[in-house]
Amino acid sequence: MKTSLGFSEHPITEFLIPSSRLHASFFEFVNLDLKFSLLPLYSFWLENWKKNQEHHIHRQRQSSLFSGCTEIVDLLIEKGADVNPIDRWGRTPLSDARSFGHEEICRILEARNGTDPVRLDSQNPCYQIDHKEVDMDEATLIGEGAYGEVYLVKWRGTEVAAKTIRSSIASDHRVKSTFMKELALWQRLRHPNIVQFLGVLKNSDRLIFLTEYLRNGSLYDILKKKGRLDPATVVAYALDIARGMNYLHQHKPHAVIHRDLTPRNVLQDEAGRLKVTDFGLSKIAQEKDSYGYKMTGGTGSYRYMAPEVYRREAYGKNVDVFSFALIVHEMYQGRPSNRAEEPEEVADKRAYEDSRPSLSTFVHPEAMKTLLRKCWHNNPESRPSFEDIIAELEDIQESLQKHKENEACCGCFIL
């Protein structure tokens with residue numbers, strides 16, 4: 001027996017036919033408590049229904065998903081429904097099926113060449129910028145690091161930093177692929193204490209990505225110019241770094257490990273806020289390690305390297321906590337500890353002799369000394385998380401403020 005639509009009678013077709021009692025304004029489904037993720041497929045069916053019945057039907061997305069909808073999908077495809085209709089939101093049936101976790105429907109649609117433009121867009125390695133938008137010939141060299149040069153350029157009327165990746169790293173296809181995956185991650189990161197990634201130049205003969213430009217330079221530059229910082233500034237800067245790192249470490253579904261946290265990789269904006277940059281670049285360089293590229297050779301990163309990294313052991317996000325402690329110590333001192341020694345020699349002693357910088361009671365508050373000892377503990381599992389570090393730093397900051405207020409009060413006198 002045929003329905004008026006030409007479909008063979010089927011136990012589920014009754015739920016596809018618009019209800020006359022509702023003036024065909026929406027579909028009558030078996031269950032209205034579940035969202036139906038394949039409504040775009042109905043557009044094909046509705047167009048044919050309208051032509052045959054000369055009725056005007058409103059297509060409306062339902063607030064619930066149809067149960068047993070694999071049978072619906074099979075039936076619609078069997079009757080020649082378009083597998084890839086695109087709705088006003090740019091979504092296809094496969095887009096919706098994936099969004100709602102309908103694995104069986106995904107398999108059905110994929111087997112019939114179903115496409116998902118939403119997923120393709122989300123898997124785009126990063127925001128790509130036409131290289132013609134940035135004139136690298138007019139670029140000004142402002143820095144050079146372990147992974148390449150940094151230039152000041154103009155992009156759409158705004159000064160930004162253009163970072164080039166050395167050909168010794170980028171020339172390897174595997175390394176470049178890893179780099180593009182990292183950029184896809186950076187594209188989604190947003191926090192006041194991390195440097196904003198803007199995009200990567202496409203169709204360029206070099207691997208170049210753009211970030212916001214922070215004209216105040218790095219923490220390394222600040223310490224080189226000012227030397228030792230006052231305790232209040234140290235704590236404020238430490239909080240900036242810790243908050244940026246805590247955001248990265250709590251990123252879902254996987255933590256973002258910096259792996260090369262140093263004063264050069266902490267920049268300052270015009271408001272005086274510190275921002276972490278170049279997170280993940282050392283991971284890219286490590287791809288080259290087995291081909292002879294030495295990640296930290298000559299870069300100074302050895303000075304801030306956790307013992308487990310130097311010993312080539314498995315490591316986690318606690319390596320950044322170790323580096324953080326050494327940066328905080330350096331802000332109190334105004335310079336790196338063991339400056340007279342070679343960086344690799346310093347790292348070797350820390351890894352195999354448990355050597356650590358000295359902590360002076362005169363320079364370091366007691367609470368800060370306790371925190372630093374925990375942060376550079378030889379056992380990574382004994383180091384605090386950045387969330388815990390932030391809480392302790394805020395207590396130290398409050399204590400310093402109260403001390404300052406008490407000193408101001410004691411300085412008052414009555415005439």
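Modeller: Start with helices and strands: these are DSSP runs numbered from the N terminus, a helix being H or I with at least four residues and a strand being E with at least two. On that basis the protein chain has 15 helices and eight strands. This is a predicted model, so local features need pLDDT of at least 70, side-chain atom pairs count only at pLDDT 80 or more, and totals for chains, interfaces and linings use all residues. Residues are numbered from 1 along each chain as its sequence is written, and side-chain values use heavy atoms, with hydrogens and water left out.

Colleague: What makes a residue of the protein chain count as buried?

Modeller: Buried means under 20% relative accessible area, exposed means over 50%, and partly exposed is in between (1.4 Å probe, protein chains only). Of the 415 residues of the protein chain, 47% count as buried.

Colleague: Why is Leu 274 called buried?

Modeller: Its relative accessibility is 1%. The cut-off is under 20%. So Leu 274 counts as buried. Leu 274 lies in strand β8 (residues 274-276).

Colleague: Which residues does Leu 274 touch, not counting residues up to four places away in sequence?

Modeller: Contact means heavy atoms within 4.5 Å. Leu 274 touches Asn 193, Leu 219, Tyr 237, Asp 240, Ile 241, Val 266, Leu 267 and Gln 268. Leu 274 and Gly 244 are 30 residues apart in sequence, with 8.8 Å from C-alpha to C-alpha.

Colleague: Is His 251 buried or exposed?

Modeller: His 251 has 17% relative accessibility, so His 251 counts as buried. His 251 sits in the loop between α9 and β7. Leaving aside neighbours within four places in sequence, His 251 contacts Leu 185, Leu 189 and Val 256. The C-alpha atoms of His 251 and Leu 189 are 8.6 Å apart, and these residues are 62 apart along the chain.

Colleague: Why are α2 and α4 called roughly parallel?

Modeller: Axes are lines fitted to C-alpha atoms, for helices over the stretch in contact, and angles run from 0 to 180 degrees between N-to-C directions. Angles under 35 degrees count as roughly parallel, over 145 as roughly antiparallel, 65 to 115 as roughly perpendicular and the rest as oblique. Helix α2 (residues 69-78) and helix α4 (residues 103-111) have axes that come within 9 Å and cross at roughly 15 degrees. Therefore α2 and α4 are roughly parallel to each other.

Colleague: Which residues of α2 and α4 meet?

Modeller: From α2 come Cys 69, Thr 70, Val 73, Asp 74 and Ile 77; from α4 come Glu 104, Ile 105, Ile 108 and Leu 109. By class, that contact of α2 with α4 has six nonpolar, one polar and two charged residues. Here Ala, Val, Leu, Ile, Met, Phe, Trp, Tyr, Cys and Pro count as nonpolar, Asp, Glu, Lys and Arg as charged, and the others, Gly among them, as polar.

Colleague: What makes α9 roughly antiparallel to α12?

Modeller: Helix α9 (residues 231-249) and helix α12 (residues 318-333) pack at an angle of about 165 degrees, with axes 10 Å apart. That makes α9 roughly antiparallel to α12. Residues in this contact include Val 234, Tyr 237 and Ile 241 of α9, and Phe 324, Ile 327 and Met 331 of α12. The contact of α9 with α12 divides into 13 nonpolar, one polar and one charged.

Colleague: How do α12 and α14 pack, and which classes meet there?

Modeller: The angle between α12 and helix α14 (residues 366-375) is about 145 degrees, and their axes are 8 Å apart. The contact of α12 with α14 has eight nonpolar, one polar and no charged residues.

Colleague: What stands out in the backbone?

Modeller: Most residues other than glycine have a negative phi, and most peptide bonds are trans. A cis peptide bond joins Lys 252 and Pro 253, with omega about 5 degrees. Pro 253 lies in the loop between α9 and β7 (266-268). Asn 338 has a positive phi, near 55 degrees. Asn 338 lies in the loop between α12 and α13 (343-352).

Colleague: Why is Asp 354 called partly exposed?

Modeller: Asp 354 has 45% relative accessibility, so Asp 354 counts as partly exposed. Asp 354 lies in the loop between α13 and α14, and its phi is also positive, near 55 degrees.
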